[in-house]
Amino acid sequence: MSDRAHMGHALALGRRGLGSVWPNPAVGCVIVAGGRVAGRGWTQAGGRPHAETVALAQAGSRARGATAYVTLEPCAHHGRTPPCAEALLAAGVARVVTALEDPDPRVSSRGHAILRQGGAQVVTGLRAAEARHDQAGFFMRVTQGRPLLTLKLATSLDGRIATASGESRWITGPDARRSVHALRLEHDAVLVGGGTARTDDPRLTVRGLGAVRQPVRIVVSRKLDLPSAGTLAGSARDAPLWLVHGKEAPADRIARWTALGATCLDVPVTRGQLDPAAMLAALGARGITRVFCEGGGSLGASLLQAGLVDRLMGFSAGVALGAEGQPALGALGIHALADAPRFRLDESRSLGGDVLSRWTRR
């Protein structure tokens, strides 16, 4: 197999860690000796052990003289474990092929330098575009201080999310709903607005995909006026629940939710609403790298207005609800078409009886 094929294997392994390794990057590693895979690994839940450590343990003595394919520059700093760059050298790996340099100041180019100084041949930049897509959340947190944000819209053909009476279950079919659970699994956190939490009383957990590490559930509620006897309250100790609120949230509500097991985060209010940029910065400061926003309309609109939606997932069902139906997004204050947020179509395909579209911000 070629270098490109082995790196493809490593990229596929790395994606297994998406959503479960924050604040660390989800890395894959394949060690090849004599043309055969001697060891492979990916970053484990919680961020440790690293992909290289897992692959080296599997390869054992076969790592000596082998080639390691790693989707991100091996770490160079001492933390809870020794640097992976040094571990590769100690195992006798002769050649290291990586996709990307790590932007973390503790690592950036130092991991590659350690390997070269130790006598290993280093090749960089292989399948970099694919790796950059996978690492976008980690890179964004390191360079911009905020997580990658994906907005999900599940709508009728005419862009509605519910009838005038509020009925919304189910506009899209079972295949689309299962896909949403898979998307939750790939993200560190699931985000909704307070209106959605009050109306739908959602669980926001991953279901139907076996025993998995649940994403952090985040609800944005400026006054923290959420039902304290609903599904979220009852499951606050079963899966992480973070509540983002403003300074005007009453102290007794904060105390009540904290006692239930939730984490309460105070962020600034601007123009009568929680500042979306400050909110994402607060999540980034706590290590979150990938956020999956499932609405509602006001929250989605505020994130779009602020230019904070990086990717958009659209699920469109073959049903029309008319002008009286509830729109997927709140007001954006757009008076000229040139001011509308634009996205590039990456993929469009049928999903059961619905259509899934993936978009990236231009």
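A10 is buried, at a relative accessible area of 0% (buried means under 20%, exposed over 50%, partly exposed in between, with a 1.4 Å probe and protein chains only). The residue sits in helix α1 (residues 3-14); helices here are DSSP runs of H or I with at least four residues, strands are runs of E with at least two, and both are numbered from the N terminus. A10 and T98 are 88 residues apart in sequence, yet their C-alpha atoms are 9.8 Å apart in space. The model is a predicted one, so to speak of local features pLDDT of at least 70 is needed, side-chain atom pairs count only at pLDDT 80 or more, and totals for chains, interfaces and linings use all residues. Numbering starts from 1 along each chain as its sequence is written, and side-chain values use heavy atoms, with hydrogens and water left out.

Taken as a whole, the protein has 12 helices and 18 strands. Its radius of gyration is 22 Å, which agrees with the value near 21 Å that a compact globule of 362 residues would have; the radius is taken over C-alpha atoms, and the globule rule is 2.2 Å times the number of residues to the power 0.38. Along the principal axes, the C-alpha atoms fill a box of roughly 65 × 45 × 40 Å. Of the 362 residues, 50% count as buried.

Now for the strands. β1 (residues 28-33) runs antiparallel to β2 (residues 36-42), with 6 bridges between them; two strands pair if DSSP finds at least two bridges. A33 has R36 of β2 as its bridge partner. The β1-β2 hairpin has 2 residues between its strands, and G34 takes a positive phi near 60 degrees there. β1 is also joined to β3, again in the antiparallel sense, by 4 bridges, and V32 is partnered with T67 of β3. From β3 (residues 67-70), T67 and Y69 point one way while A68 and V70 point the other way, and all are buried. β3 in turn pairs with β4 (residues 95-98) in the parallel sense over 4 bridges, where T67 stands opposite R95.

Of its 40 lining residues, K152, S168, W170, D200 and E294 are the closest to the centre. Pockets and cavities come from a 1 Å grid over the protein atoms alone: a cavity is a set of points where a 1.4 Å probe fits but cannot get out, a pocket is an open set with protein on both sides within 12 Å along at least five of seven lines, and lining residues have an atom within 4 Å of a point. Grid points are joined across faces, edges and corners, and a volume is the space filled by probe spheres set on the points. At least two lining residues each come from β6 (148-155), β7 (160-162), α7 (174-185), α8 (194-200), α12 (297-305) and β16 (326-327), and α7 gives the most, with 7 residues. The lining divides into 17 nonpolar, 13 polar and 10 charged residues (Ala, Val, Leu, Ile, Met, Phe, Trp, Tyr, Cys and Pro count as nonpolar, Asp, Glu, Lys and Arg as charged, and the others, Gly among them, as polar).

The second largest pocket holds about 520 Å³ of space. Its lining has 23 residues, of which H133, D134, R311, D346 and T360 are the closest to the centre. α5 provides the largest share of this lining, 4 residues, and by class the lining has 8 nonpolar, 4 polar and 11 charged residues.

Cavities of 30 Å³ or more number 4 in the whole structure. The largest cavity has about 80 Å³ of space, and of its 14 lining residues L18, N24, A26, T289 and R290 lie nearest the centre. By class, this lining has 6 nonpolar, 5 polar and 3 charged residues.
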